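Reader: I'm new to this one. Could you walk me through it, feature by feature?

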Amino acid sequence: MTHPAVRLVGLRETPLNVDEVLRSLDDDAAGGLVLFVGRVRDHDGGKGVTGLDYSAHPTALDRLTAVCEQVAADHDVHGVAAVHRVGTLAIGDAAVVVATASSHRGTAFEASRALIDTLKAEVPIWKHQRFGDGTEEWVGAP
């Protein structure tokens, strides 16, 4: 991590900790901190989801770091943090936690939106969903 605003980037096989993300962005100059938690939901495409697995390409952490660096460079933020879960997750588990801190709330909202949207579009992490009817589906896989 080279941009000083990038405070925390990680891929974790263990449950994500929102407090860790918040602590990483503690900054007296930050008047706004926007946090997004993506959770495993119990449905997708009209079907009941029973669980899922996330798999990451070996370059995923480097790509996630690059996305955080770009968001930090593009927005006037004091801090950027992003952690994503890999492995088997249950309904309700946190799959991703991203946050940004800035002097002003508007910038923090914009930066956090850019962070999660770019992460989803560019970081090679794939979701394997299992449905209640016995079917399954890969999402985001090449």
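**Helix, pocket, hairpin**

Author: Happy to. This is a predicted model, where local features need pLDDT of at least 70, side-chain atom pairs count only at pLDDT 80 or more, and totals for chains, interfaces and linings use all residues. Residues are numbered from 1 along each chain as its sequence is written, and side-chain values use heavy atoms, with hydrogens and water left out.

Reader: Which elements supply at least two residues each to the lining of the largest pocket?

Author: Helices (H or I, at least four residues) and strands (E, at least two) are DSSP runs, numbered from the N terminus. Here they're β2 (32-39), β4, β7 (94-102), α3 and β8. α3 gives the most, five residues.

Reader: Which residues of α2 are buried?

Author: Buried means under 20% relative accessible area (1.4 Å probe, protein chains only). An α-helix has 3.6 residues a turn, so residues three or four places apart point the same way. In α2, the buried ones are A60, L64, T65, V67, C68, E69, V71 and A72. Their cover includes β1 (6-12), β4 (47-56), β5 (77-85), α3 (105-122) and β8 (125-131).

Reader: And how do β8 and β9 run?

Author: Two strands pair if DSSP finds at least two bridges between them. β8 and β9 (residues 136-139) run antiparallel, joined by four bridges. One of the bridge pairs is R130 with E136. The two strands form a hairpin with four residues between them, and G134 in the turn has a positive phi of about 90°.

Technical notes. Buried means under 20% relative accessible area, exposed over 50%, partly exposed in between (1.4 Å probe, protein chains only). Contact means heavy atoms within 4.5 Å.
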